Amino acid sequence: MNNKEGNNRRSGSSRPNSNKPKPPMAKRSQKPKKNTAEKAKTEEVVKKINQAPKRQKASDELRLNKYIANSGVCSRRDADIYIQSGNVKVNGVPVTEMGYLVKLTDVVNFDGTILTPEKKVYILLNKPKNFTTAVEEHAEHRNVLELLRGATTSKIAPVGRMDKNTTGLLLLTNDTDMIRKFGLPNQKSSKIYQVSLDKNLKFEDLEKIQKGITVDGHRVTVEEISYIEKEPKNEVGLKLKSSNVKVVRSIFEHFDYDVLRIDRVAFAGLTKKNLPRGNFRFLTEQEIINLKNI
């Protein structure tokens, strides 16, 4: 064998055999795809935007959702939904940040309405006799607010008026919109009164009242009137929409009856159940919603 042949053999022996199987490829590292990582990063940025401010809350600040809830328009949870949807402005600027802090001096616009930060209070009192709703100084009789001392620090007022001889359900609140609403002559809620007369109510007079009468130039519509079951005929139940007790008294005085006692036993769906005379209670959230939807 000459040198040329030997070189050819050596060079040929160093070439890989084309029929020999290739070694397996190394496994790729299980790294997240680029788009998945970018998506996670974006979600983290959004989450940070919606987080509450990191700064310390001052004594005169509160969260925006609580501010809205205190105004009585909705719950905190519902307030969060309104905030996220962009329906809340603070000092004219839309706010969608969860946990945003506001001051009591800020102007908060909720879905087109300017809010007040004071929490709305709704108290139902079973008024006893010899207490009045009059607020004049040097009044002869005690005011119903004396029965609610310690119940709230808010400035509340009665919905409608009651004289000293009228007893029964009286709603008190700092919600001026509700006070105005139930004071309107065309408001829709019903009230039920038990009336004691100086003599038996004639059946023909009962029928006339049921058909509606005109008192002092105003038409009074009575939803229902009846004798109280198992009571003398001078005990009468009366259902009508007016919260003005004077109207009740005027109806019977129109037929020459003297009214000895008026007791309001139901007010816009609220009753005296588990509420003894002289006691009070705060309305439930559902009761408040019901009153606002009337």
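Start by selecting D263: this residue is buried, with a relative accessible area of 3% (buried means under 20% relative accessible area, exposed over 50%, partly exposed in between, using a 1.4 Å probe and protein chains only).

A quick note on the ground rules. This is a predicted model, where local features need pLDDT of at least 70 and side-chain atom pairs count only at pLDDT 80 or more, while totals for chains, interfaces and linings use all residues. Residues are numbered from 1 along each chain as its sequence is written, and side-chain values use heavy atoms, leaving out hydrogens and water.

Next, pick R261 and E235, a salt bridge with its closest N and O atoms 3.9 Å apart. This pair links distant parts of the chain, 26 residues apart: R261 sits in strand β17 (residues 259–267) and E235 in strand β16 (residues 235–240). Strands here are DSSP runs of E, at least two residues, and helices are runs of H or I, at least four, numbered from the N terminus. R261 is partly exposed at 30%, whereas E235 is buried at 12%.

Last stop: D177 and R180, whose closest N and O atoms are 2.4 Å apart in a salt bridge. They lie three residues apart in helix α5 (residues 176–183), so about one helical turn separates them. How many salt bridges are there by this rule? The count comes to eight.

Definitions and conventions
A salt bridge is a side-chain nitrogen of Lys or Arg within 4 Å of a carboxyl oxygen of Asp or Glu.
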